[in-house]
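Hello,

Here is the structure I promised to pass on to you. Have a look at it first, and then read on for what I found.

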Amino acid sequence: MATTDAKDESVDTRDAVEVLEAEAKEFEKDAEIDRILKAFRLDAYAVLGLKPGVPESDIKLAYRKKSLLIHPDKTKNPLAPEAFDRLKKAQTELMDEKHRATLDEAIADARMLVLREKKWTVDSPELKTPEFERLWADKTKFVLIENEQRRRRQLRAQMQEEGREQRRQEEEAEARRRKRQHEEEWEATRDQRINSWRQFQKSKTGGSSGDGGPSKKKKKLKPIG
């Protein structure tokens with residue numbers, strides 16, 4: 001009896017440990033989903049939880065670990081699909097050399113702006129403090145937002161220009177259509193116009209005297225004597 005009770009207690013302990021581990025895993029997943037959704041969306045490094053300038057291998061590794069952790073099929077969290085999409089988008093952006101170079105440039109610009117505003121140098125001890133990290137992160141957001149607003153303005157201007165160009169092409173096409181229609185209508189009435197002109201000329205010649213006035217019939221004179 002004592003052996004049976006010991007076995008039951010061992011099973012209960014193992015089940016309790018498994019439940020606690022499962023709960024801890026779910027908490028880890030929820031925490032990572034919350035972190036991703038709160039990360040600054042224009043900064044792909046922040047979304048993946050990486051420091052700027054890390055090698056490509058770190059990007060792949062971070063994405064693999066986090067995507068497996070928060071995959072919608074492996075958690076009941078209703079926000080998992082949105083977090084997973086943001087994670088995938090961040091990884092795609094960082095794997096694109098052009099986009100990553102643009103992001104790295106913006107982050108570097110933000111760093112230089114902080115140094116300039118604070119009158120620090122690259123050797124200043126303040127650069128190793130949490131305060132600098134916070135200022136740099138805030139300035140990075142500012143630079144990225146300005147860059148995004150500039151990009152959108154340029155896109156709107158481009159779309160407007162494309163719209164004007166399209167309208168110009170449509171107007172030219174309509175002008176060519178009207179001209180072609182006019183030429184076709186003119187050609188279609190050619191015979192009618194020629195016949196009308198001939199009739200006019202014929203009636204003018206047959207009903208007029210040489211001097212252009214109406215003809216008068218001369219009276220026949222009787223002989224004298």
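Glu 28 and Leu 69 are 41 residues apart in sequence, yet their C-alpha atoms are 8.4 Å apart in space.

Please keep in mind that this is a predicted model.

Now the overall picture. The chain has seven helices and zero strands, so from the N terminus on the elements read α-α-α-α-α-α-α. Of its 225 residues, 23% are buried.

Two helix pairs are worth a look on your screen.

The pair α3 and α4 packs at an angle of about 170°, with the axes 10 Å apart. The two helices are therefore roughly antiparallel to each other, the cut-off for that being over 145 degrees. From α3, the contact is made by Glu 56, Ile 59, Lys 60, Tyr 63, Lys 66, Ser 67 and Ile 70; α4 brings Ala 80, Ala 83, Phe 84, Leu 87, Lys 88, Gln 91, Leu 94 and Met 95. By class, the contact of α3 with α4 holds nine nonpolar, two polar and four charged residues.

The other pair is α5 (residues 97-118) and α6 (residues 130-188), whose axes come within 8 Å and cross at roughly 125°. That angle makes α5 oblique to α6, and the crossing is right-handed. Residues of α5 in this contact include Leu 103, Ala 106, Ile 107 and Ala 110, while those of α6 include Phe 132, Leu 135, Trp 136 and Lys 139. The contact of α5 with α6 has twelve nonpolar, two polar and four charged residues.

Finally, the core. Which residues have the most contacts inside the largest nonpolar core? They are Leu 48 and Ile 70, in a core of 34 residues. The elements that give two or more residues to this core are α1 (2-38), α2 (44-48), α3 (56-70), α4 (80-95), α5 and α6. Leaving out residues up to four places away in sequence, Leu 48 touches Arg 35, Ile 59, Ala 62, Tyr 63, Lys 66, Leu 87, Ala 90, Gln 91 and Leu 94.

Enjoy exploring it, and do write back with your thoughts.

Best wishes

Key: Residues numbered from 1 in each chain as written. Predicted model: local features only at pLDDT ≥ 70, side-chain atom pairs only at ≥ 80, totals over all residues. Heavy atoms only, no water. Axes fitted to C-alpha atoms, helices over the stretch in contact; angles between N-to-C directions. Helix = DSSP H or I, 4+ residues; strand = E, 2+ residues; numbered from the N terminus. Parallel < 35°, antiparallel > 145°, perpendicular 65-115°, else oblique. Left-handed = near helix turned anticlockwise from the far one by under 90°. Contact = heavy atoms within 4.5 Å. Nonpolar A, V, L, I, M, F, W, Y, C, P; charged D, E, K, R; others polar. Core = buried A, V, L, I, M, F, W, Y, C linked by side-chain atoms within 4.5 Å. Buried < 20%, exposed > 50% of the residue type's maximum accessible area, 1.4 Å probe, protein only.
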